[in-house]
Amino acid sequence: MVRRLRRTRFEAETTLEGFDFAASPKLPAAQIRDLAALRWLQAGESIILYGAVGVGKTHVAQAMGHLAIRAGAEVRFHKTRRILADLAGGHADHTFDKCLAAHVKADLLILDDFAMREFTPRQADDLYELISQRIAEGRSIAITANRAPQDWYPLFPNPVVAESLLDRMINTSHQVFMNGPSYRPNERPKTPPTTTK
């Protein structure tokens, strides 16, 4: 399990047990706990965690990955821009097929910060190859995004690619809207009180 955790490349080793649901009563705690049973992973389905910045989407995605590893799955965590850069490098050095196969192989692929900005035509095509192949092979994806899924379509330059990819992706995913205040102000270093002379 330690080796599988290392291969995943999480930003931080977070767990669902360590997630503070009480900090935001608006969060769909029951839905998240139900997803923690990993029935979606066993069925080859996916999850989309979307909502405002700082509400814990990445924490929950990594926690689901941690649970999947404990259940024996191979998991990979990537910022979406990083995986797109990796696939672009595959085009440059003619290793694209090998690179794509490596990203398709894991039982669960976590794509963090999806749909942050418009995709180039090459990036859109690469995402289509990656996601459609994973779906075809029944391999799950967990996506975190600030934008709601219905707002992803205009980010793709080719509407046909957008329809083909996103309809398939969205219709095979459990969508979790994460709402509430940002946790990040609570993580700021405490400023020591100033003393007056």
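Predicted model: local features only at pLDDT ≥ 70, side-chain atom pairs only at ≥ 80, totals over all residues.

H78 has its place in strand β2.

**Residue H78**

- With a relative accessibility of 16%, H78 counts as buried, because the cut-off for that class is under 20%.
- Apart from neighbours within four places in sequence, H78 is in contact with I83, H103, L109, I110, L111 and D112.
- R9 and H78 are separated by 69 residues in sequence, while their C-alpha atoms are 7.7 Å apart in space.

**The chain as a whole**

- The chain contains nine helices and five strands.
- Along the sequence, these elements follow the pattern α-α-α-β-α-β-α-α-β-α-β-α-β-α.
- The chain has 197 residues, of which 46% count as buried.
- Among contacts in the chain with a separation of 6 or more, 84% come from residues 24 or more positions apart.

**The sheet**

- Five strands, in the order β2-β3-β4-β1-β5, form an open sheet with parallel pairing.
- The edges are taken by β2 (75–79) and β5 (173–178); each has a single partner strand, so one side of each is left without a neighbour in the sheet.
- On average, neighbouring strands of this sheet are turned by 15° against each other, direction ignored.
- In general, the strands of a sheet pair through backbone hydrogen bonds, either parallel or antiparallel.
- Within this sheet, strand β3 (residues 108–114) pairs with strand β4 (residues 140–145) in the parallel sense over five bridges.
- I110, which is also among the contacts of H78, stands opposite A142 in β4.

**Helices α6 and α7**

- Helix α7 lies across β3 and β4 and runs at about 145° to β3.
- The axes of helix α6 (residues 96–105) and helix α7 (residues 121–136) come within 9 Å and cross at roughly 45°.
- That angle makes α6 oblique to α7.
- The crossing of these two helices, α6 and α7, is right-handed.
- On the α6 side, the contact is made by F96, L100, H103, V104 and K105, and on the α7 side by D126, E129, L130, Q133 and R134.
- By class, the residues of the contact of α6 with α7 divide into four nonpolar, two polar and four charged.
- H103, one of the α6 residues in this contact, is also in contact with H78.

Terms used
Residues numbered from 1 in each chain as written. Heavy atoms only, no water. Axes fitted to C-alpha atoms, helices over the stretch in contact; angles between N-to-C directions. Helix = DSSP H or I, 4+ residues; strand = E, 2+ residues; numbered from the N terminus. Parallel < 35°, antiparallel > 145°, perpendicular 65-115°, else oblique. Left-handed = near helix turned anticlockwise from the far one by under 90°. Contact = heavy atoms within 4.5 Å. Nonpolar A, V, L, I, M, F, W, Y, C, P; charged D, E, K, R; others polar. Pairing = 2+ DSSP bridges. Buried < 20%, exposed > 50% of the residue type's maximum accessible area, 1.4 Å probe, protein only.
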